Amino acid sequence: YTFLAKADFSAAGWHTLTVGVEAENDALSTNNSLEIRVFNALPLSVPVSWAFETEEQFKEWRVLDANQDTYSWAWGNPGLQIYNSAESGNNDWIISLAPVFLTRGESYLHFMYRTSPYAPESLEVLYGGSPDTSSMTRLLLLDDVLTTGATFQAVNFDVVESGDYYFAFRSCSKTGYMLDIGDINVNAGTFVGIPDLSLSAIGLPASVCGLGDTEPVVVSLYNGGTTDIHQFKLTYTVNGQSPVSQVFNDTLPMGRSRDFALYLDFSQEDTYEVSVTGEVLKADGGNLESDTTLDDNRISGKVTHFSPATLPYHTDMSVEEDRVQWYIEGNTWYYEDYYDFAMNARSVGAIVSRCISMEEGKSYRIGYHLRAGMVLFDAYFDSYTILIGISGTAMNTWDTLVSYMDVYTNEVYGLEEIVFECPESASYSLAFVAETDPWNLSLKDFSVEEILEHDVRVTGIRSSYLGMSIPAHFAAFPAFNVDVENR
């Protein structure tokens, strides 16, 4: 039976049509209806937004694979996504099915986009009074861009004549890999963004001896807002003293990070708590940062100007007071506080001791308990180097004391010792360097001592008696053998 009826789809946008049937004594009523979605591409009124949170919004755009390489736009949940053809590059369009009515004067479009970290992408944005792309006007060209995350992009444009306008995005990457776009918005007027300054990292000098009065403190700033920042102020305090401010007349583009340096006095032997706060002074459009985004405008750190340690010097990595005397390069080592209670290597990098006074011509001994390598279906090895250098100098100029490759300690901590002679009197630091991506490299303690003229050490004690015996079995003067080492 064919049922003929008319439905009103005259309004712009999506319509849902549901058709149902009823029958007396129907055995299965769950299949008695059908539903269909219909889109009427009439002109839309601003503001218009396509968030692409559902695939249905993607269907409001026509996909055109102009180079017919089978690589083209698809819904990416959310947003739109395209992979590139490695052979031919891209020439792929999405074109709005429904036009947007714009009045004469200023209008704007903004959207989010993201590339892969592997290769740059190119994207063209156009509009016109016809869906024919050859007659459209270019609004924007992003040529060979590479992002580290979702990036905001806005463009203002002048509408010469009121009317209905279609919008198109063209992927024109030459040798890219993947491109996402989403959250497309069109509106009348001029877009004026709001900056959002955040202090994402602080780089303090290593805690060593001999720090000076102009040590660099590097602060990483990020503009997560929707407009460029052209002037900002950094204010720092040291150990809670009076704040000091410095104004920077530098551009921090939206969606970008930059490092800026302050120069502070750490010349006295002390521990310095440094706090830095950022403030936007000038941005495109005149808007300043919203009060709701100020929580991430402050960052702090700590550095210690050590006095030279005297010998013997011993570090027990399970003791926090000992651990803080070591500087970690980047985030390459961490303290494991559950099982090993030791410093474990996370990646290639160094852990560096505080400065230690040593004298020319004298011999010294380093001792440390180390675990390296593991066996898990196969054998995996660790490699490490121990460096020595004058405290405060660049680590790449330091001397190598030992370098061990492909080490495996049978899953246990073993004692290692190194003897060396000091070439000149100075304050030295020692670096323990993970040379390869670590499997199981862990440092439990570390000692430095001078080798004296007379130095003996008891290394063991033995007896013929059992560990537990009754008194009658003991002689009046039981004999024990003691192992002694002349170091």
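**A serine in a loop**

Reader: Where does Ser 135 lie?
Author: Ser 135 lies in the loop that runs between β11 (121-128) and β12 (137-145), where strands are DSSP runs of E with at least two residues, numbered from the N terminus. This is a predicted model, in which local features need pLDDT of at least 70, side-chain atom pairs count only at pLDDT 80 or more, and totals for chains, interfaces and linings use all residues. Residues are numbered from 1 along each chain as its sequence is written, and side-chain values use heavy atoms, with hydrogens and water left out.

Reader: Is Ser 135 buried or exposed, or something in between?
Author: Ser 135 is partly exposed, because its relative accessible area is 45%, and that class lies between buried (under 20%) and exposed (over 50%), with a 1.4 Å probe and protein chains only.

Reader: What lies 2.9 Å from a polar atom of its side chain?
Author: That is the backbone oxygen of Asp 132.

Reader: Changing topic, which way do the residues of β27 point?
Author: In β27 (residues 349-352), Gly 349 and Ile 351 point one way while Ala 350 and Val 352 point the other way, and all are buried. In a regular strand the side chains alternate between the two faces of the sheet.

Reader: And which strands pair with β27?
Author: Strand β24 (residues 327-328) pairs with β27 in the antiparallel sense over 2 bridges, pairing being counted if DSSP finds at least two bridges between two strands. Strand β35 (residues 426-434) also pairs with β27 in the antiparallel sense, over 4 bridges.

Definitions and conventions:
A polar contact is a pair of N or O atoms within 3.5 Å; within protein, one must be able to donate a hydrogen and the other to accept it, and residues adjacent in sequence count only if both atoms are side-chain atoms.
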